[in-house]
Amino acid sequence: MNSTKYVIGFILVLTSVVAIMLTGLREVTKEQAAQNEDVFNKRAILLAVEDHLGGDKKVSDLSDDEVKVLFEKQVDQKVLDAAGEEIDGVQADKVDMAKEKKKPLEERQ
């Protein structure tokens with residue numbers, strides 16, 4: 001009986017310590033992960049139009065900073081609502097599609 005309490009207590013302590021460590025790690029790396037995802041998405045968009053970039057540029061050869069600069073200077077972003085009307089003042093890469101899908105159809109961007 002005493003052994004069972006020890007095992008359960010040990011598991012609870014260990015689980016709590018691991019949960020706290022993982023939460024801390026996530027919070028520490030949250031900003032970098034968001035930046036990496038942003039660059040990944042921009043690189044995927046540029047890869048789709050790689051033939052139109054001009055010259056012999058390969059998106060896969062560009063650094064993260066070059067991708068950001070190229071995307072800002074050469075990509076014209078437009079956001080359309082569900083009816084196909086352009087929404088002014090909103091950049092496409094700032095729209096959170098997961099949140100938009102949860103909204104009613106007439107409120108989506």
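**View A. Aspartate 96, with a relative accessible area of 36%, is partly exposed.** In these legends a residue is called buried under 20% relative accessible area, exposed over 50%, and partly exposed in between, with a 1.4 Å probe and protein chains only. What is shown is a predicted model, in which local features need pLDDT of at least 70 and side-chain atom pairs count only at pLDDT 80 or more, whereas totals for chains, interfaces and linings use all residues. Residues are numbered from 1 along each chain as its sequence is written, and side-chain values rest on heavy atoms, with hydrogens and water left out. Aspartate 96 sits in the loop between strand 2 (86-87) and helix 3 (97-102); helices (H or I, at least four residues) and strands (E, at least two) are DSSP runs, numbered from the N terminus. The C-alpha atom of aspartate 96 is separated by 48 Å from that of threonine 4, and the two residues are 92 residues apart along the chain.

View B. Valine 49 itself is found in the loop between helix 1 and helix 2 and, at 36% relative accessibility, is partly exposed.

**View C. Helix 2 has a buried side that packs against helix 1.** Within helix 2 (residues 64-74), the residues Val67, Leu70 and Phe71 are buried. These residues lie on the same side of helix 2 because they cover an arc of only 100 degrees around the axis, the arc being that of the directions from the helix axis to the C-beta atoms. Asp65, Glu72 and Lys73 are exposed on the face of helix 2 turned away from the buried side.

**View D. The largest nonpolar core consists of eight residues.** Its members are Val39, Leu46, Leu53, Val59, Leu62, Val67, Leu70 and Phe71, a nonpolar core being a set of buried Ala, Val, Leu, Ile, Met, Phe, Trp, Tyr and Cys residues joined through side-chain atoms within 4.5 Å. Helix 1 and helix 2 each supply at least two residues of this core, and helix 2 gives the most, with three residues. Neighbours within four places in sequence aside, phenylalanine 71 is in contact (heavy atoms within 4.5 Å) with Lys42, Ile45, Leu46, Gln77 and Asp93. In soluble globular proteins, nonpolar side chains tend to be buried together.

View E. Because aspartate 38 and lysine 42 are four residues apart in helix 1, about one helical turn separates them. Aspartate 38 is partly exposed, at a relative accessible area of 26%, whereas lysine 42 is buried, with a value of 7%. Residues up to four places away in sequence not counted, lysine 42 touches Val67, Phe71 and Asp93.

**View F. The structure holds three salt bridges, among them one between aspartate 64 and arginine 43.** The closest N and O atoms of aspartate 64 and arginine 43 are 2.9 Å apart, and this pair links distant parts of the chain, with aspartate 64 in helix 2 and arginine 43 in helix 1, 21 residues apart. Aspartate 64 is partly exposed, at 37% relative accessibility. In another salt bridge, the side chains of arginine 26 and glutamate 27 meet at 3.0 Å, N to O; glutamate 27 has a relative accessible area of 43% and is partly exposed.

Notes:
Salt bridge = Lys/Arg side-chain N within 4 Å of Asp/Glu carboxyl O.
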